[in-house]
Every structure is written in C-alpha cells, then in structure tokens.
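Subject: Structure handover

Hello,

I am passing this structure on to you. Please open it first, then read my notes below.

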Amino acid sequence: MKFGAHLATVQYPEWRFYYVDYDAIKKQLKEMAKHGTNCPEELEKEFIDFLDRELTKVVNFQAIKSGELNSRANHCETIINNIIANPTATPQVTRIGRVEEELARITTEVNELAKYARLNYTGFLKALKKHDKHTTFQLKPMFIGKLNANPFYRENFDPLILKLSKLYDTVRNGGETDRKNVQADGGSQSFVRRTTKYWVHPDNVTEVKLRVLKNLPVLVFGSAKEYDPAITSIYFDNEQFDLYRGRLEKSEGAQAIRFRWYGPVTNQEIFMERKTHREDWTGEKSVKERFPLKEKYVNDFVSGAFTMDKQIEKLRERGAKSEKELENLATLSSEMQEAILTKKLKPTMRTFYNRTAFQLPGDARVRISLDTELTMVREDNYDGKARSGTNWRRMDIGTDWPFAQLDEADVHRFPYAVLEVKLQTHVGAEPPAWVTDLINSHLVEEVPKFSKFIHGCATLLENRVSLLPFWLPQMSKDIRKPGPEAADGQDAGELTGAFSIEEVRVRKGKAKARGTLPTSNGASFVSSRPASEHTAVSIDGHASGEEAEQDGEDEAEDEDDAAESPVVDETTGLLRGVPRKDKNKGILAQMTSLVRKLHVREKREKRQRQRTNDHGVPIASSSARGPVNSLIPETMNNKRIIIPVRVEPKVFFANERTFLAWMHFSSVIAGLALGLLNFGDRIAQIAGIIFTINAMGIMMYGLYLFLWRAEKIRNREAGPYDDRGGPTFVVLTLFFAMSINFYLKFGALE
C-alpha cells in the first residue's frame, strides 16, 4: 500500500486534522512538476511555507498532547492517593474502576501518539524525496535541519510509561503502594531462567511496552528518581575467537565472560559475569554467575595481580554471606581469572542498550525485558588501532547513544529492539495467557538463541570469524507483519493491545465508513479491493480522480523504494526501504529452507562436475544457476552459517549401535569362513576364502560408515544419513559367495 493510502487508514480518527496533509503536498508537487526545469520560484516558496506550517502544526500538537497525557496521568495519581487516604468516602472498588478506565484511555493515546510521530516524520521524508526528484530545487538538506531543530519524532515516552506502570500496579493491588523494589543484582548471586528471545520492530516498541505494563510493573532498580535504563557490557575473547565459536555452536560447557555495569560510565560497581551453556541431556541448566568488583581493581584482576581473597575475608568477618556463598564466590573468581589468563582473553566487543524490565518485585516467575537502542562497539586492538589499549574498556564513549563520535567501522546500531521472555514455571505448568498472546502476536519475531555478543562479532569482525549465526542473512528482511483482521462480529475485547473498548468501537465505525477493517496494531486493511485498485483514501472514504492519477504516477517510485537495500535512519533507528518478501515466515524456517536449497544445489553441482566430455572437460549445463554462495548475501560468501541443531548423546550411541551391528554380522560371516577353511575340503576352503574376503569388506565398510556419520553428527550437518550402498553391497557379495560355493560343490559332483 502506498504511503498516502496507508496514512489515511491508520491515522487516529480524532486527530485526523493534525496529521501532515500528505494529499495537499502531492498536489503541490504535481503542479510544480508540470513546469519541469522552469518551475517558478514563487511555487517553490509556497511549497516551503506550506511545509513549515505543517511542521509547526505537528510539533505543536505533539507537545500539547504529550503535556495533556502527563497531566491526566498526574490527575489519576492524585485520585488514587485520595482513595488510599480516604478509603471509606465512596465504594473503593467503583473509584478504582473509574481510574482504571481512564488509564486504559491514556494508554491508548500514548500508543497512538507514538505512531503519530513516526507517521508524520515518514510523511515529511517522503515529501522531501519526491520534491527533490521531480523539481530542480534541493530542499531536503535544509529541511532536515528544521526537523532536527524540532525533534518531535524523538520524544521519549519512557517517563510516562513508568508512571503508568506504577499506577496500573497500584490499581491491580487495590491501592497498595509500599512494595519494595528489588536490588540491581536481582537478589541472587546465581540464577537460572528459561529464556526465549524475539525481535521487535521500532514501530511496535511502544505498543509492546504498553501491553506488558498492564500485567507487570516496570522493575526499577534502586530509587525511581535515579532510574537509568542503560546497561553496558564488555565481552572478552581471544584472537582465535574460541568463546565466540563455543557460544555459536552451543558446545557443552561453552562460556561467555563479560564485565557489566548499570547506568553511566562513572558507576564504580562492575559485575564480573560468566555464562555457561549446558546441554539438556546433561540434566543441568545453563547458568549465569557473577560477583561485584570495584572499577579500580578491574585491570589488576584481568592481569592476575589482584584476587578476591581479601574481599572474601572481609565479607566473612562481617557475616554478610554464608560460608557456602563465600566458597562459591572464591571458586567463581579464581576460575574466571584463570580462564582470562590461560586463554589470553582480551576485551573484544561492547554492547550498549536501554533496558525496560517488567517483573513483580520479589517474584521472578515471569520477567520480561525489552532492550532498545542496542549498539555493538569494537573494543579490540587486533588491527593495530588502539581502542581499549591496555585498559579493560575504551574510555572515549559513555552512554551517549547513538555514539556519533565513533568511526562507523567500529559501531553497529542494531535496527530492532530485543524482547526477552524469562519464565520460571513448575513442571507441566503453562505460562500466563497474556504472555502467550504477546509472543504469538504480529508484534514480535522469534529468534531462538539470539546473542548480542555473537551478532556484534559477526558484523563488526566478520573478516576474523569463520562461522556466522543463522539469523544474520535475515537482517535484510522486514520483520513487520500485518495484524489480524477484526471481523464485524468479533468481540471488542479480542482486539488485544492498548485500545479500550470505547476506542475499538470508534475504530470499527470509522473503518466501516472507509471500507476498511481495523487491526490491533492500529493498521487497517482495505477490504474487497484488488491490490492493483488501491488508491489514496480521503477523510470521507472516497478517492478523487486527481488523487488516483497522482498515485498512479507515484506507484513506480513507491515500488522502487520497496526494492532498495535496507538503510537504517540514524535519527530514529528505523529500517527504510526493506524488502518485504517472506515477512510472514519465521526466521528459523527461512534458514532451514536456505540450508535445504544449498544442499540441493551442492548435489546438482557435484553431478555437474562428474559429467565430462572426451577431453576430460566438464560439460556445461544450460540449467546451471551459478555458485552456491549466490544464495547468501555477498558479505557472507565462503562463511559457514551455523544452524541451531540439538545433538544429544543418544545420536552418537545410535551410531555406535549401528557399527556394532555391522561388526556382529561380519563376525558371523568370519566365523563361518574360518570353519570352512579349517575343517572343510578343497571346495569348502575356496568358499571359505571368498567368505573371508566378504567379512573383511563388511568390517571395512562398517568402520568407514561409523566414522563418516560421526563426523557429520559432530559438525551438526543436516544429512542425509541414510545408507543405501551398504545393504546392497552385503547382499551382492553374499549372493556371489554363495553362488560360487554352490557352483563348485555341484560342479565337483558332476
């Protein structure tokens, strides 16, 4: 759908007069394009003045509406405080119910305001692009400066979301507000969770936050006044990237070592963390262990000049921890230090992001975190450039995202947010229904085993690694998916998300007037119309002929935009010009399909190489499609992509059992052969020789088959593992041996 039609269908009905007038912009551009290179300056001035008025309208509305929403949230807080102070004034349940309804309306408008900013910003960018393409004037550089001076599209709704979260939490608990926050370390030195990871497009981040806060409060570490969502980690590895490879292949016992701090770079408390991967068949769970250390001791700890012995002794004297906890701390610190020294680990990769965590204080059964502004930065000195130098981290950056001062070769700004759903449930227990609805919705894209460290190394240090993660080829895909259509008879409550029942009814009524159906993400689908007939829809639901004509002229341009390679907008982090094919297909499923295609093509090329002419030159085929690597992005050629495949010990044991079956069968044949050789006549001895050769061949083939399968299993290859040659070989050789024996025996009798 073209942007004009998209804007008309997804705009919030009550605010329709405050969006950028994209149709009027296209009309002016069409008038200017008629003059070609002789466009009068008066028309250009009128267009600039019109854009300025539209920008002022959008900026003023954004500011007024944002202030209004904050005032309404403050009013709800005042009402709740009055309810708590005077619980007998009116029925408490009724008053809290009214506050909850108002919070639902505020939540709806916060979500719509975030969409309002993105839509208008996109509208201005498209208008500037069309202007510079169809006229001789270059307006975009100048007007981008005005947008940067009025950054309505950068408004951060996190403070308001945090306030709404506290209000929702108070309403859920009947007015109770004195629950304490947890500590920054999660209240545990070691903790185990079952985690699933998802990508969230920036367009859906606010809606995901608003969905979750209705069920879980925002988890604030420490004081709310000092709340800083920034989290920075320094990952260590050696020049051979042993830790990267182990984590990527999910080897049993693979470790990741990182130093992490929360908030600004001036924070003196650094957490030394070690993550250890355990396979499910071991009966153990992957675990994250950590301990705090003052920043002034970190360099000495890395070099081996500092140990935790004195700190442990002080903790023992104060009685701050049990003896078992102190033993675990001593073991962890010594093992981490030994690993750093023996494996020659150095700072390699930094990850930075702002985390919004949702969890009931003291209750870790359901914990959801959303990491935004995710950025990977090189910390290594491998190419001779001193980044961290002799220090354990580079000091030229802090938390000033997007780190414009860095060389672009040293930084990778991840285009999506990362959602982590961490569940601790009893055996056989199902997760809450709202969690299931969220992870099955169109708002998220599941990416199993996604790792920030692995992604950073694969993108920034691609020339130094030989293995790539399975999700890397999918970075050029648009993960946005259309929301489910809302049928006319559908219950309003089924339109999940931030919308209240009243807003859903309004949207249904407006959608019927326009011939569209609303979706849970605010988008709409034009009903009962072929894609080729879509035109820009005006406010009253009708498209004028002039608008349709203009849209027809712009259709090719819109298609060109969709075919462009993905570009990340530095100001918003949004992907622009992303191909949309396979957008409804899961990433893991796409990678499985890719591996299958690679395997088929490898077979085809192998057969092609085996076909030669009389001079030994391979015969070319008209159906050849080029090299296998043409299926993979150019930057990934000659790189092996790791697909997450679980290999349990029973697979190796099955291979061993098959080998032993071959050996058992060959032993039976060998025993028969030895009996014929030692106790038979001349004819029996000849048959014994044939059966001996047969038994030796079966042994050799069984050993070869065992080693071949073991290598493929160890490398986690996709197969095939079936054996067609072995049974055929056994049948033919046994048939031949028996035939010879039969012939000699009956030939001698004659």
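Here is what was found, taken region by region.

One point before the details: this is a predicted model.

**Salt bridges**

The count comes to 39 salt bridges. Three of them are worth a look.

Start with glutamate 323. Its partner is arginine 316, and their closest N and O atoms are 3.0 Å apart. Glutamate 323 is partly exposed, because its relative accessibility is 41%, between the 20% and 50% cut-offs. Arginine 316 is partly exposed too, with a relative accessible area of 33%.

Next, aspartate 383 forms a salt bridge with arginine 378. Here the closest N and O atoms are 3.8 Å apart. Aspartate 383 counts as partly exposed, at 46% relative accessibility. Arginine 378 has 9% relative accessibility, so it counts as buried; the cut-off for buried is under 20%.

Then there is glutamate 408, whose side chain meets that of arginine 413 at 3.1 Å, N to O. Glutamate 408 is partly exposed at 47% relative accessibility. Arginine 413 is buried at 13%. Salt bridges with shared partners also build one network, made of Arg378, Asp380, Asp383, Lys385, Arg387, Asp407 and Asp410. Arginine 378 and aspartate 383, the pair described above, both belong to that network.

Threonine 375 sits in strand 8. Is threonine 375 buried or exposed? Threonine 375 has 0% relative accessibility, so it counts as buried. Threonine 375 and phenylalanine 352 are 23 residues apart in sequence, and their C-alpha atoms are 5.2 Å apart in space.

Strand 8 covers 363-378, and strand 9 covers 411-413. Isoleucine 397 lies in the loop between them. Isoleucine 397 counts as buried, because its relative accessibility is 4%.

**Helix 7**

Helix 7 runs over residues 205-213. Nine of its nine residues are buried, so helix 7 is largely enclosed by the rest of the structure.

**A positive patch**

Which residues form the positive surface patch? They are Lys294, Lys296, Lys310, Lys314 and Arg318. Helix 10, residues 309-318, gives the largest share of the patch, with three residues. Lysine 310 lies in helix 10. Lysine 310 has a relative accessible area of 67%, so it is exposed; the cut-off for exposed is over 50%.

**Annotated transmembrane regions**

The UniProt record, an unreviewed entry, gives the annotation "transmembrane region" to residues 659-679, 686-707 and 727-744. Two of these spans can be described in the model. Residues 686-707 are 100% helix and 0% strand, with end C-alpha atoms 32 Å apart. Residues 727-744 are also 100% helix and 0% strand. Their end C-alpha atoms lie 26 Å apart.

Best wishes

Conventions: Residues are numbered from 1 along each chain as its sequence is written. This is a predicted model: local features need pLDDT of at least 70, side-chain atom pairs count only at pLDDT 80 or more; totals for chains, interfaces and linings use all residues. Side-chain values use heavy atoms; hydrogens and water are left out. Patches are made of residues with over 30% relative accessible area and no salt bridge: like charges are joined within 9 Å, nonpolar side chains (Val, Leu, Ile, Met, Phe, Trp, Tyr) within 5 Å. Accessible areas come from the Shrake-Rupley method with a 1.4 Å probe; for residues, only the protein chains shown count as cover. A salt bridge is a side-chain nitrogen of Lys or Arg within 4 Å of a carboxyl oxygen of Asp or Glu. Lys and Arg count as positive and Asp and Glu as negative; His and the chain ends are not counted. The place of a charge is taken as NZ of Lys, CZ of Arg, CG of Asp or CD of Glu. Helices (H or I, at least four residues) and strands (E, at least two) are DSSP runs, numbered from the N terminus. Buried means under 20% relative accessible area, exposed over 50%, partly exposed in between (1.4 Å probe, protein chains only). UniProt positions are given in the numbering used here, feature names are shortened, and annotations may be inferred rather than shown by experiment.
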